[in-house]
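Thanks for coming. I will talk through a few contacts in one structure, starting with the aromatic rings. Please look at the model while I speak.

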Amino acid sequence: MSSSQPLDLRLPTPGCYSDHERAGINADAVFDGMTEHLFFTLGRLAPSASLHDLYMALSYAVRDRLMTRYLASQEAIRERPQKTVAYLSAEFLIGPQLNNNLLNLGIQKEAEEALKRFGIESLAHILEVEEEPGLGNGGLGRLAACYMESLASLQVPATGYGIRYEFGIFNQLIRDGWQVEVTDKWLKGGWPWELPQPDEACFVGFGGRTQNYMDDKGKYRSRWIPSEHAIGIPHDVPVLGYRVNTCNRLRLWRADATESFDFYAFNIGDYYGAVEEKVASETLSKVLYPNDGTDEGRRLRLKQQHFFVSCSLQDMFRSLKKRGICIEEFPNHWTVQLNDTHPAIAVAEMMRLLIDDYHLDWEKAWEITNKSVAYTNHTLLPEALEKWDLDLFKSLLPRHLELIYEINKRFLQQVRLRYPGNDLILRKLSIIDEDNGKAVRMAHLATIGAHHVNGVAALHSDLIKRQLLPEFANLWPDKFTNVTNGVTPRRWVALANPELSELLDNEIGPGWITNMELLNQLEKKETDQNFLDQFGRTKLTSKKKLAGYIHRQTGVLVDPSSMFDVQVKRIHQYKRQHLNALQVITQYLRIKNGQAQGMAPRTVIFGGKAAPGYFMAKLIIRFINGIAEMVNADPDMDGKLRVVFLPDYNVKLGEQVYPATDLSEQISTAGKEASGTGNMKFAMNGALTIGTLDGANIEIRERVGAENFFLFGNTEKEIMALRNNNYDPKPFIKALPELSEAIRLVELGHFSNGDGELFRPILNNITGEDPFFVMADFADYLRAQDNVSHAWQDRSEWNRMSLLNTARSGFFSSDRSIREYCKAIWNVESLPVEITCDVNSIVPQ
């Protein structure tokens with residue numbers, strides 16, 4: 001068939017849409033697919049196949065079944081052109097893929113039956129083998145993954161663009177209580193979910209100089225002459241929607257050299273020089289978030305960002321050219337969403353491509369860019385709002401800096417007309433920061449270039465307008481909006497919590513998986529003791545599973561009937577794991593002092609990684625492990641208190657933790673957490689929250705009911721007032737003897753083998769400046785924890801509160817978030833994909 005002809009979906013050609021051997025989804029077809037891949041793809045005979053071989057064979061067989069939908073989705077957008085979402089993100093924390101694809105295809109039972117014919121009694125044995133893709137780190141990347149899954153499930157055409165990192169951020173080991181980082185070689189056993197597309201490679205330049213010239217029409221123009229190049233090789237990962245034909249793609253770019261081997265250098269004995277260009281180029285996609293504590297680290301980060309953004313934009317422009325669509329039509333066919341500031345260079349790169357390569361005039365190029373780009377801000381922390389040193393930026397992207405100067409010049413002229421004579425406003429709004437060493441402010445570039453800027457929770461969006469970018473919000477009030485984050489119920493309930501899912505299916509039907517508002521029907525069961533008991537049993541089953549995992553991984557025995565009190569997230573001072581740790585010490589002292597009456601027996605579980613260069617976060621991990629060592633060795637704590645730190649927390653582990661949690665710790669300093677998504681996953685799975693009025697906690701509390709949420713702490717405005725009035729933590733410490741006693745115990749080295757200096761930096765921090773107001777919130781936190789203990793005594797009432805958290809969590813589905821983006825920001829509609837073939841039950845009903 002000619003490539004110029006549309007694909008006839010009705011042709012029963014082998015390897016096409018109607019290929020029964022590759023598209024069938026009953027157990028026989030899955031078994032046959034596995035057998036074929038064992039033999040022809042992996043070169044194995046079934047009797048000698050390892051668990052990893054069987055995982056790979058099943059994954060390839062499942063991928064075969066995705067291809068029908070994947071290719072049909074690509075063809076649909078070619079035949080019926082409409083706007084497609086381009087989601088640009090430095091991270092996609094997609095998690096293990098096999099079980100997710102089995103769920104979305106509806107063939108988990110069929111896969112399990114096929115595995116039994118190979119002597120594998122449980123699908124879980126195969127799922128355990130799968131490596132976690134090292135393509136993300138925290139909430140930013142997990143949100144991107146949830147959004148990609150929801151886009152497909154809602155049948156919205158989309159492509160996620162990012163980097164195919166060879167190594168993830170790191171695997172975390174705990175040795176002598178300290179975090180130790182080891183290389184995350186997640187690709188070492190092969191990854192069956194990607195489709196390399198070397199014929200669609202893109203060239204990306206760096207460094208060099210710009211040159212001015214007159215074109216053949218007599219127009220003054222500039223061209224960029226880079227001094228070095230890299231090639232971006234796309235690797236496509238199919239992203240299947242839930243029980244629909246739509247299968248979008250995640251396109252990840254791998255860096256390669258333009259010339260991999262220099263024969264001349266090799267022949268004269270310069271063996272390193274022979275491959276120097278290859279090594280330098282491939283470094284671009286080597287590791288997620290290189291340490292930016294050095295000049296070279298910062299240089300590599302900026303190169304990474306430009307690399308994947310340039311490849312992605314070139315890819316979008318090429319897609320229009322292939323379909324014969326003129327470049328001026330770009331905003332009608334692509335909407336470009338920047339997931340935080342990492343891809344903000346897209347504004348300048350799109351202008352460069354349109355002006356230098358497509359020879360559009362400035363006004364038309366800016367109109368296209370502004371109509372196409374939208375920006376999501378994810379943080380209020382100044383250090384997380386990227387700024388690039390002007391000299392570094394100029395050395396790597398000289399043409400982009402020229403364009404940024406021009407964007408800034410034209411923008412500031414608008415500001416002068418609005419605020420004549422106000423130089424202070426000009427300095428605040430300028431893309432170029434002139435106050436602290438000249439730098440390019442990427443959040444400013446994104447805000448100026450985008451048609452919409454959104455925060456990710458109601459409070460966060462309000463703070464963007466009031467504190468982070470108030471002058472921009474005054475200038476363009478209609479540009480700023482809010483889309484509260486969401487999480488996919490497919491992975492975080494249906495996959496992670498099969499016991500709860502079965503209970504929900506039996507009670508309200510399976511429709512809740514794609515319409516979470518149906519969970520509201522559970523509210524009528526809040527007084528049904530039989531149902532509450534069933535609901536409680538699903539939680540206990542999950543806790544028993546997690547208790548087994550904890551024992552296998554850490555050697556600590558925990559009681560599943562105790563309250564599982566959990567804080568799992570990236571380790572950072574503003575997330576205040578040290579506040580929780582101090583509270584644990586207080587509970588420990590109460591038990592030691594014979595004051596344990598009314599305390600709930602607890603297993604306090606921590607998990608999360610600290611950035612390798614973040615000393616205080618790594619010391620907090622050591623602090624938690626020091627407390628755990630002392631508590632767990634003390635016979636007085638038996639049946640009352642256990643403390644566990646789960647190493648190497650990731651998506652795979654999260655699927656065990658969220659369903660097993662009774663109490664969710666969301667205790668960040670008010671005004672610091674943009675939204676959070678872990679808080680939503682906990683609530684969906686029936687955990688009660690203890691938290692501050694921060695991020696999406698506010699909306700969770702509003703939805704589930706204030707009576708089903710343990711609130712504590714100063715509000716954002718109260719925190720601001722404390723800061724403005726020269727906050728001093730010492731009076732707060734003096735007013736609470738229990739807190740003074742806990743601090744004194746740390747000072748004596750009780751949790752550090754007698755070393756009173758080990759945790760001195762933490763103590764100096766919280767008793768001195770206390771930048772995250774740990775001491776100011778401690779007394780109220782302890783009060784709320786006492787309320788938690790009291791509530792735990794009535795397990796029937798606790799189960800009722802837990803049920804209402806699940807029943808009222810539907811708003812926090814990522815499906816709702818994506819619908820809001822589609823309507824308010826992207827102006828995108830769904831594109832259902834039809835497959836006209838006769839494959840056996842191709843889409844389960």
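Rings of Phe, Tyr and Trp, the last by its six-membered ring, pair if their centres lie within 6.5 Å. In this predicted model, that rule gives a count of 22 aromatic pairs.

One of them is Trp186 with Trp191, an edge-to-face pair with 5.0 Å from centre to centre and 80° between the planes. Trp186 is buried, at a relative accessible area of 2%, and Trp191 also counts as buried, at 8%. Tyr727 and Phe732 make a tilted pair, with centres 5.8 Å apart and planes at 50°. Here Tyr727 is buried, at 14%, while Phe732 is partly exposed, at 32%. Ring pairs also link Tyr87, Phe92, Tyr147, Tyr821 and Trp826 into a cluster.

Next, two helices. H23, residues 577–592, packs with H30, residues 737–747, at an angle of about 100°, and their axes are 9 Å apart. Angles of 65 to 115 degrees count as roughly perpendicular, so H23 is roughly perpendicular to H30. On the H23 side, the contact includes Leu582, Ile585 and Tyr588; on the H30 side, it includes Ala742, Leu745 and Val746. The contact residues divide into 7 nonpolar, 1 polar and 3 charged.

S13 is joined to S15, residues 439–441, by 3 bridges, and Trp388 has Val440 in S15 as its bridge partner.

Key
Residues numbered from 1 in each chain as written. Predicted model: local features only at pLDDT ≥ 70, side-chain atom pairs only at ≥ 80, totals over all residues. Heavy atoms only, no water. Axes fitted to C-alpha atoms, helices over the stretch in contact; angles between N-to-C directions. Helix = DSSP H or I, 4+ residues; strand = E, 2+ residues; numbered from the N terminus. Parallel < 35°, antiparallel > 145°, perpendicular 65-115°, else oblique. Contact = heavy atoms within 4.5 Å. Nonpolar A, V, L, I, M, F, W, Y, C, P; charged D, E, K, R; others polar. Pairing = 2+ DSSP bridges. Phe/Tyr/Trp six-rings, centres within 6.5 Å; stacked < 30°, edge-to-face > 60°. Buried < 20%, exposed > 50% of the residue type's maximum accessible area, 1.4 Å probe, protein only.
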